[in-house]
Amino acid sequence: MPRLKEIGGKRLPFLRWSFLRMGMRMKHLTTEWQVGDGREEALREYVTANAALGDLDDAIRAIDEFCYGQSFMMNVGDEKGELLDAAIRRVGPRRLLELGTYCGYSALRTIRVMPDDAHLYSIEFNPGNADIARRIIDHAGVGERVSVIVGTLGDGGETISTLEAEHGFRDGSLDFVFVDHDKDAYLPDLERILERGWLHPGAVVVADNVKFPGVPAYREYMHEHEGRDWRTTEHETHVEYQTIIKDLVLESEYLGARPAAG
């Protein structure tokens with residue numbers, strides 16, 4: 001497999017033009033959630049051409065191969081993906097919510113380890129990303145196990161209403177959340193989920209990129225609520241597809257809101 005350029009065993013994305021180009025297109029990336037140079041569609045073409053039809057493991061392999069050898073992508077990646085895998089295995093969730101589908105990589109990893117009777121609901125802001133993700137997921141043969149929904153939890157209630165009216169979200173029905181979308185929306189969207197009462201005690205929320213590019217308000221919130229509403233483990237790791245930039249993945253178990261002292 002083609003790999004990133006390395007020095008002393010360290011993977012260096014900075015030596016790749018695709019990484020530098022993504023940095024130069026950051027404004028487009030953080031408004032449209034696509035790099036804007038066609039790499040997302042190129043990923044879809046690569047997976048459908050190089051992964052065996054109906055083979056989930058091979059689709060994941062092909063995405064990692066593309067991200068190491070063709071274009072740097074902003075999915076959770078293989079190193080942090082193992083942390084996500086482990087959390088899902090520990091919880092054994094039946095109803096899972098993902099905020100930020102992107103091209104479907106983390107959805108594929110989630111489906112691979114979640115229980116056979118579980119279903120994933122994945123929310124994606126960009127319709128183009130959602131279409132690419134659906135095509136990749138269908139190619140992997142697991143389209144019936146995930147609902148990719150275009151929208152955001154902060155769109156004035158439309159997506160929340162869809163989840164409740166069409167997908168059965170209700171009090172205490174949500175077992176697991178993976179947060180990997182607009183960093184400014186991490187805490188507001190968590191608060192929306194709590195306001196709707198979807199989480200039950202023991203439900204787990206996993207958040208990516210808490211150190212880089214960083215979500216200080218989310219991390220501070222979890223610190224402030226530690227031992228009261230949440231119990232959080234911070235996993236030290238690296239930004240996807242390299243071993244230089246450090247990152248944090250937060251795994252937070254919901255303890256349940258306690259009534260205020262009267």
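This is a predicted model: local features need pLDDT of at least 70, side-chain atom pairs count only at pLDDT 80 or more; totals for chains, interfaces and linings use all residues.
Residues are numbered from 1 along each chain as its sequence is written, and side-chain values use heavy atoms, with hydrogens and water left out. Helices (H or I, at least four residues) and strands (E, at least two) are DSSP runs, numbered from the N terminus.

**The sheet**

- Seven strands make an open sheet with mixed pairing, in the order β5-β4-β3-β6-β7-β9-β8; two strands pair if DSSP finds at least two bridges between them.
- β5 (146–150) and β8 (230–238) sit at the edges with a single partner strand each, so one side of each has no neighbour in the sheet.
- On average, neighbouring strands are turned by 15° against each other, direction ignored. Axes here are lines fitted to C-alpha atoms, for helices over the stretch in contact, and angles run from 0 to 180 degrees between N-to-C directions.
- β6 (residues 174–179) and β7 (residues 199–207) pair in the parallel sense over 5 bridges, and leucine 174 stands opposite leucine 199 in β7.

**Strand β9**

- β9 (residues 246–254) is mostly covered, with 7 of its 9 residues buried; buried means under 20% relative accessible area, exposed over 50%, and partly exposed in between (1.4 Å probe, protein chains only).
- β9 runs antiparallel to β7, joined by 4 bridges, and glutamate 251 in β9 is the bridge partner of valine 206.
- β9 also runs antiparallel to β8, this time with 9 bridges, and there glutamate 253 of β9 partners arginine 231.

**Helices α7 and α3**

- α7 (residues 127–139) packs on the sheet, touching β4 (119–124) and β5, and its direction makes about 165° with that of β5. Contact means heavy atoms within 4.5 Å.
- α3 (residues 39–50) packs with α7 at an angle of about 10°, their axes 10 Å apart. That makes α3 roughly parallel to α7 (angles under 35 degrees count as roughly parallel, over 145 as roughly antiparallel, 65 to 115 as roughly perpendicular and the rest as oblique).
- From α3, the residues involved include Leu43, Arg44 and Val47; on α7 they include Ile132, Arg135 and Ile136.

**Helix α8**

- Thr159, Ile160, Leu163 and His167 are buried in α8 (residues 158–167). They share one side of the helix, because they cover an arc of only 110° around the axis; the arc is that of the directions from the helix axis to the C-beta atoms.
- Those buried residues pack against β3 (95–99), β4, β5 and α9 (186–196).
- Turned away from the buried side is a face with the exposed residues Glu158, Ala165 and Glu166.
- Glycine 168 follows α8 and has a positive phi, near 75°.

**Two residues to look at**

- Threonine 101 is in the loop between β3 and α6 (105–113) and counts as buried at 1% relative accessibility. Leaving aside neighbours within four places in sequence, threonine 101 is in contact with Ser122, Ile123, Glu124, Ala133 and Val148.
- Arginine 196 lies in α9 and counts as partly exposed at 37% relative accessibility. With neighbours within four places in sequence left aside, its contacts are Ile160, Glu164 and Asp171.
- Arginine 196 and glutamate 164 are 32 residues apart in sequence and 9.6 Å apart in space, C-alpha to C-alpha.
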